[in-house]
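The sequence and the model are shown first, and the explanation follows.

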Protein chains: 2
Amino acid sequence: MSKKQSLDSLLEAGKCRPIGAVERDTGIARDTLRVWQRRYGFPNPVRNPRGERHYPAKQVRRLQLIRRLLDQGLRPGKIVPLNEPALHQLEAELCIMPGVEHQENVVALIAHLREHDTEAIEVLLGEILAIQGLRRFVQNTVAPLVKIVGESWAQGQLDVYEEHFMSQLLIRLLNTEIAKLEIAASPNPVLLGTLPGERHGIGLLMTAAILASENVAAINLGVEMPLDQLVRAAEKFNSSVLGLTFSGAYPYGSVRSHLQELRARLPATTNIWAGGHAMGRVRKLPTGVIKIISFDELPIATIR
Amino acid sequence: MSKKQSLDSLLEAGKCRPIGAVERDTGIARDTLRVWQRRYGFPNPVRNPRGERHYPAKQVRRLQLIRRLLDQGLRPGKIVPLNEPALHQLEAELCIMPGVEHQENVVALIAHLREHDTEAIEVLLGEILAIQGLRRFVQNTVAPLVKIVGESWAQGQLDVYEEHFMSQLLIRLLNTEIAKLEIAASPNPVLLGTLPGERHGIGLLMTAAILASENVAAINLGVEMPLDQLVRAAEKFNSSVLGLTFSGAYPYGSVRSHLQELRARLPATTNIWAGGHAMGRVRKLPTGVIKIISFDELPIATIR
DNA sequence: TAGCCTATTTTGTCCTAGACAAATATTATT
DNA sequence: AATAATATTTGTCTAGGACAAAATAGGCTA
């Protein structure tokens, strides 16, 4: 009886999850979960009578922690074999808080986010926008906010759903502001998008907002556009500029080769702007590709 | 040399895609693709020198067609072995296009999209919206438009970038309209999101717009929310309803099991609404899960 | 110091063919 | 016509091996 109960508590009360569910919850593919077990001994799921893997909730949480560390650029071989305290220590060490001079506004917004106070967030965002104007709002408020929310999530201080919630609020707000400006269509609009593998589109939207505030027409194609599609779109829309963003999680080596291929396939009349955190590591770029670390560097004058 | 060239022409000019890409493009799981091949002889991909499956573009399109038929309630064993003409005939027989009287607008919008006439699309969308009002605009114009754009893409009649472009326009427009309505925050907001693997968020936005038009507060968490996060969010926001959408591309086998798991983990006070094209094929649902095939069925009265 | 070529390690994805439970269809029984 | 029993269909999971693409480290040049 006690034995049966302990098995139950492991399989049911312990909320074990089959490999498909863990794949969904962690974003780590089935094959990868199995090969990690083979190579590193972790995860080490319970088996049901049929021999199928059932992952205890604790291991799922640890996998999510591992996932966060991977997103910060660490490699599986270095961290998957580590025990839990070591992982938590690593996470704490990597917590590089960029200057405490977070603007009050951003701190207040995060506080409201933690309290799930939708109304307060929307009101405060509106107030800040009214004071700063769209361009400074994007640069001084939205960009730091996105960065800090992303980092808080990576450190486990914010839940995934809280990050998504804030993203959706910002998407709605920025789209609304862009629509308000009613920029006239251009024969050479700036084209914005990300390459496959890059799923963060908020940088594109921030760029579009700044361009709109400068009365520049932009077309945002959103995330994960296959390379050939970007080329076709740039040709069809006769774009003067193709703007791409690469977040910190983007695979390092591919940035340059992708930009080189794009440069080779795009007409010479189309310039390439490359922005986002991952660009900080890229040193040399193909000629005709402009690296943009800060929104201040957007060479808007060149296309007007 | 000539041998290498012929291989190239087969694998590259023919635009063959590895199984992982086909899984993403069709929403059919790897294992399922392999087991269909074993059982029904289709798909029948080319093999590269390593023995890996490479699916010609034509077979991918046929898989997407099969996908659409499955969504209408047909079973794999009946249709996967069929040849292409038979499939197209089946689709033609099953094709139930909603009210033909609003098709004119949609046809005109698609025509403008083909011509890349941003301005014309925006003007026309604005006019239709002014005439129909937000709710009917979403039901009669946006929904059919999204469906037809998606199908045109699946059939190779529209490029990926054209589909993305239209999506972004609609996202901007709907978000703007929702913002205009300035719905007051609710203590029990409707929560909207999709499960991991489901990357189409436009259905959520359409739902949010209709809810807003009925003065119902909704929180859109966007796409690919891990299941446990949806549960936590529903608890934290004290939601009366969790709304999910499953597009035609969603791995159909998992819909039911995911909904069952969600039902088990959510508090009984939270209802579940499940919508989207993939719901057309799901017959029996756990009690406490409401299937929503048409926006008309949204039980808005129950939460007001 | 920075770039670049080469060798080594790491890492994710794909392979096979069988197994089986859950979902669905079909037939039998009340 | 509804219910129960049986049969079929169908998606998911298993195993360990394999290998290319990517990341790292070492050595060389300017």
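Which residues does B:Leu259 touch, not counting residues up to four places away in sequence? B:Leu259 touches B:Leu244, B:Phe246, B:Ile272, B:Ala274, B:Met279, B:Leu285, B:Pro286 and B:Val289, where contact means heavy atoms within 4.5 Å.

Some conventions apply throughout. This is a predicted model, in which local features need pLDDT of at least 70 and side-chain atom pairs count only at pLDDT 80 or more, while totals for chains, interfaces and linings use all residues. Residues are numbered from 1 along each chain as its sequence is written, chains are lettered from A and ligands numbered from 1 in the order in which they are written, and side-chain values use heavy atoms, with hydrogens and water left out.

B:Leu259 is also one of the residues with the most contacts inside the largest nonpolar core, alongside A:Phe137, A:Leu174, B:Leu221 and B:Phe246. A nonpolar core is a set of buried Ala, Val, Leu, Ile, Met, Phe, Trp, Tyr and Cys residues joined through side-chain atoms within 4.5 Å. Buried means under 20% relative accessible area, exposed over 50%, and partly exposed in between, with a 1.4 Å probe and protein chains only. This core has 68 residues, and its largest share, 12 residues, comes from helix H8 (residues 118-154) of chain A. Helices (H or I, at least four residues) and strands (E, at least two) are DSSP runs, numbered from the N terminus. A second, separate core has 65 residues, including A:Leu262, A:Val289, B:Ile202 and B:Phe295.

Just after H10(A), A:Asn215 takes a positive phi of about 65°.

In chain B, the loop between helix H7 (103-114) and helix H8 (118-154) holds B:His116. B:His116 counts as buried because its relative accessibility is 14%. Leaving aside residues up to four places away in sequence, B:His116 touches A:Lys236 and A:Phe237 as well as B:Tyr161 and B:Glu162. B:Arg24, found in helix H2 of chain B, is exposed, with a relative accessible area of 57%. B:Arg24 and B:Glu198 are 174 residues apart in sequence, yet 9.9 Å apart in space, C-alpha to C-alpha.

Attention now turns to the DNA. A residue is near a strand if one of its heavy atoms lies within 4 Å of it. DNA strand C is surrounded by 24 residues, of which A:Arg39, A:Gly77, B:Arg30, B:Arg34 and B:Arg256 are the closest. The residues of this surface divide into six nonpolar, four polar and 14 charged; Ala, Val, Leu, Ile, Met, Phe, Trp, Tyr, Cys and Pro count as nonpolar, Asp, Glu, Lys and Arg as charged, and the others, Gly among them, as polar. H3(A) provides the largest share, six residues. Of the atoms of DNA strand C within 4 Å of the protein, 75% belong to sugar or phosphate and the rest to bases.

DNA strand D has 25 residues around it, with A:Arg30, A:Arg34, A:Arg53, A:Arg75 and B:Arg39 coming nearest. H3(B) gives the most to this surface, with five residues. Within H3(B), B:Leu33, B:Val35, B:Trp36 and B:Gln37 are buried, and just after this helix B:Gly41 takes a positive phi of about 80°. The surface near DNA strand D comprises eight nonpolar, six polar and 11 charged residues. Phosphate oxygens of DNA strand D lie 2.4 Å from a polar side-chain atom of A:Arg34, 2.7 Å from an N or O atom in the side chain of A:Arg53, and 2.9 Å from a polar backbone atom of B:Gly77.

Technical notes:
A polar contact is a pair of N or O atoms within 3.5 Å; within protein, one must be able to donate a hydrogen and the other to accept it, and residues adjacent in sequence count only if both atoms are side-chain atoms.
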